[in-house]
Amino acid sequence: MDESLAITWRRIPERYRLEGSACSKCSSNFFPPRKLCPTCRRKGTISAKTFCGKGKIYSFTEIFSPPGGFELEAPYTIAIVQLEEGPKITAQITAPHGEIKIGDPVEMVFRKIQEDGEEGLIHYGFKFRLVK
Amino acid sequence: MRKVAIIGAGMTKFGEEWNRGFRDLIIEAGKAALEDSKLPGEDIEALYVGTMASGSLIGQEHAGALIADFMGLTPIPSTRVEAACASGGVALRQGFMAVASGMHDIVVVGGVEKMTDVTGGNVALALGGAGDQEWELFTGATFPGIYAMMARRHMLEYGTTEEQLAAAAVKNHKNASMNKFAQFQNEITIETVMKSKQVASPLKVFDCSPVTDGAAAIVLCPLEKAKKLCEKPIEIVASAQASDTLALHDRKSLSSVYATQVAAKKAYEMAKVSPKDIDVAEVHDCFTIGEIMAIEDLGFFPKGKGGKATEDGKTALNSEISINTSGGLKGCGHPVGATGIKQAVEIAWQLRGSAGARAAKDAEIGLTHNVGGSGATAVVHIYKKAF
Amino acid sequence: MVGIVGYGAYVPSFRIKPEEIAKIWGEEGERIKKGLGIQEKSVPALDEDAATMAVEAAKNALKVSGIDAQKIGAVYVGSESHPYAVKPTATMVAEAIGATPNTMAADLEFACKAGSAGIQICMGLVASNMINYGLAIGSDTSQGRPGDALEYTAGAGAAAYLIGREKSQVLAEIEATCSFTTDTPDFWRRQHAEFPTHGGRFTGVPAYFKHVMSATQMLFEKTNTRASDYDYFVFHQPNGKFPLEAAKKLGIDAAKLKQGLMTPVIGNTYSAASLIGLASVLDVAKAGQTILVTSFGSGAGSDSFALRVTDKIENRKKGIPLAHYVAQKEYLCYGLYVKHRRKLKSL
């Protein structure tokens, strides 16, 4: 599904640079960013936090039946990556990556994620690269 | 709070129903439930309908009014309920609360999904809406992929094997082979599953529930009234629902569904029963790993032992506990909004003793477990014979 | 003192060999390898384009420099494969590395020399004190029509140069630059055309050789130097042979070109080609050594630069050497290559 221009535009700091948030009251880090700390709620203090982009594979799968818009890249690997600062996020692992295991170190890279056909917007964002 | 009972239950054949559209399906299920209750339509005071994705699948929102209209039930209130794949279960809970509160006496609760009017890639996109669109699905993740990542954690943490996952599909196909409403009425083997095409490793085609058209409906009324209206009322003795993070990646554990654990605990407390009292249960096996986690999180088996229990046949019909006698989502089919209601229909039939060849013998207490997305919503209902 | 305070290169991991392409067109692979002086070429992954590769190279350049991206006053991306015909690559790169919003930015196009033109622009801005740091990038997923000679050489890669003036930061001083520019129709791509068109043998003597040699000689004169004054030469490298021929005609020892000649192993990376060659030299050069770089862009022009490496070159340890990317590779068959380059209309 083509993501709207405005959604893509609003997400640029998060998707290009891993800008998330943190609650200084309970020292929790959030990526994607939260504007309300789920633990402290209104008593929490939320501020911006940029994540370093290093992490480890927490789980992964190779997608053979892609959704519309991802047919060209299939099969591709999707992982849940645990960032060094704590949060887990869902992202593609860039090809070619060879054998992959839970616990493998990864680093964030900037890649094309989706294209709205030949004439539409190109959506960029983070993927992760296996660090050998 | 009043006690609530099911006095009528019905469903359509589940499958690829090319000749029937969204409204045809729900009307057929509604008629079947009402005929089963032997009540005239004029007695119905309110409608609740679970449907997940009518907007993205057939371009139709406002399903509540649509259904009241085509069932000839205007001007009674008719409400669409959406909680992804738990839409049916949550609709049932709305109906339950409407009757329990005393607001309404006779309430019809339905569930429906028409999924084959769009192509496979578009079904995947529509179902993707059950997850976090901006942070999961945007990346190219799919629902099979999300459950595959749960499976991989379960395998790592508990040593669950792909063959154990396959055993759930084999058992559910066997049950479905005895259900004339089921999408698949053929038996399969472990080999069938293991040799099927990869969808999202380690999950293969036969680990996944299919794309299905179908609808189901039940008629609810206060228990006291039910005893006068029908011979075999089924009391709903517990209704519990819990929520969790929308995205799988935000969960503490990927190898269990916390919302299921919370909803189950509340439901057992409300019904004053324990997991070992349950004779027959319909659990949410959208993927085989879903059933393995469900039978653990519902307390039927210790955490991490679900795979072994399934492989050992402990969840087969009339074994330790009869799980997914209808064939589950895998065998009977998974028209997402209809699933939660179909589960209630199956349990009603089981407790009434009208499940035919797939009857769970002497079943007194049943349970349904319906999950939305990867576990962001879980609904558990417990049922007892009231005759 | 204007010079390079950070540099970085990036080459995608996929490769294809000329013999794999040759067999599709009934050509002899060995003859083509010899004729073009090329062993294999790089191919971008399906999710890579000029913008993503530019970001990779820019991040490497920032690592080497240790400079906060917010201090970058200008970002110029040179490419002939900008992902959009209209919508700048430079804004995406600036945003991705964290240089926005207080920065100048623009895309450049001058066939294969848009990246070196960016360096010259940054030099001017830095020398005039308009900005403190400027980032110039050459990045291309080079295009070549199926079956055309370019298909054997058109590679993918990027190189980024952070230009500054602080003596304590400059790892290679740019002592002089000059350009030789004419209107020469040797190679072009019309608006909306998918692949470039070229003048065959016309691309040689009147285009490549005339401009590369003229700019280089102009620089010799301007700086009062000669070939023997330089330790390394880097010339634009559309194939593995042209730079060697140009060197021979200029009386340059071929050994001085070797370190900067990357096209034989990664292909012609168009706007990035001479800049990746320079990165390869900077990866090994010692303080005090001199480098002469001459780019070439069809249409046509050449930019020459005289560089002197400083002791700050040790900062390169903080980055990723080009050799890392050259060594990482996975080969594609022609079928997968067609998919990667989206040369099938239905893709």
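Between chain B and chain A the count is 2 salt bridges. One salt bridge joins E134(B) to R11(A), with the closest N and O atoms 2.4 Å apart. This is a predicted model. Chain A also touches chain C, and across that interface the rule finds 7 salt bridges. Chain B and chain C share no contact.

**Which chains touch**

- There are 2 pairs of chains that touch, and chains A and B have the most contacts among them.
- No contact joins chain B and chain C; their closest C-alpha atoms lie 12 Å apart.

**Chain B against chain A: extent**

- Chain B puts 32 residues into the contact, and chain A puts in 35 residues.
- The buried area is about 2900 Å².
- Carbon and sulfur atoms give 62% of that area.

**Chain B against chain A: polar links and make-up**

- The rule finds 15 residue pairs in polar contact across this interface, both residues at pLDDT 80 or more.
- On chain B, α5 (120-128), α6 (143-158) and β5 (198-200) each supply at least two residues of the side that touches chain A.
- The most comes from α6(B), which gives 7 residues to that side.
- By class, the side of chain B that touches chain A has 13 nonpolar, 10 polar and 9 charged residues.

**Chain A against chain C: extent**

- Here the contact takes 22 residues from chain A and 25 residues from chain C.
- About 2000 Å² is buried between chain A and chain C, and carbon and sulfur atoms give 55% of it.
- Three residues stand out: L72(A), P96(A) and F110(A) supply 31% of the area that chain A buries against chain C.

**Chain A against chain C: polar links and make-up**

- The 7 salt bridges found across this interface include one between the side chains of E56(C) and R129(A), at 3.0 Å from N to O.
- The rule also finds 11 residue pairs in polar contact between chain A and chain C, both residues at pLDDT 80 or more.
- On chain A, α2 (12-17), β7 (105-115) and β8 (122-130) each bring at least two residues to the side that touches chain C.
- β7(A) gives the most to that side, with 6 residues.
- By class, the side of chain A that touches chain C has 12 nonpolar, 2 polar and 8 charged residues.

Key
Residues are numbered from 1 along each chain as its sequence is written. Chains are lettered from A and ligands numbered from 1 in the order in which they are written. This is a predicted model: local features need pLDDT of at least 70, side-chain atom pairs count only at pLDDT 80 or more; totals for chains, interfaces and linings use all residues. Side-chain values use heavy atoms; hydrogens and water are left out. Contact means heavy atoms within 4.5 Å. Buried area is the accessible area (1.4 Å probe) that two parts lose on being put together, summed over both. A salt bridge is a side-chain nitrogen of Lys or Arg within 4 Å of a carboxyl oxygen of Asp or Glu. A polar contact is a pair of N or O atoms within 3.5 Å; within protein, one must be able to donate a hydrogen and the other to accept it, and residues adjacent in sequence count only if both atoms are side-chain atoms. Helices (H or I, at least four residues) and strands (E, at least two) are DSSP runs, numbered from the N terminus. Ala, Val, Leu, Ile, Met, Phe, Trp, Tyr, Cys and Pro count as nonpolar, Asp, Glu, Lys and Arg as charged, and the others, Gly among them, as polar.
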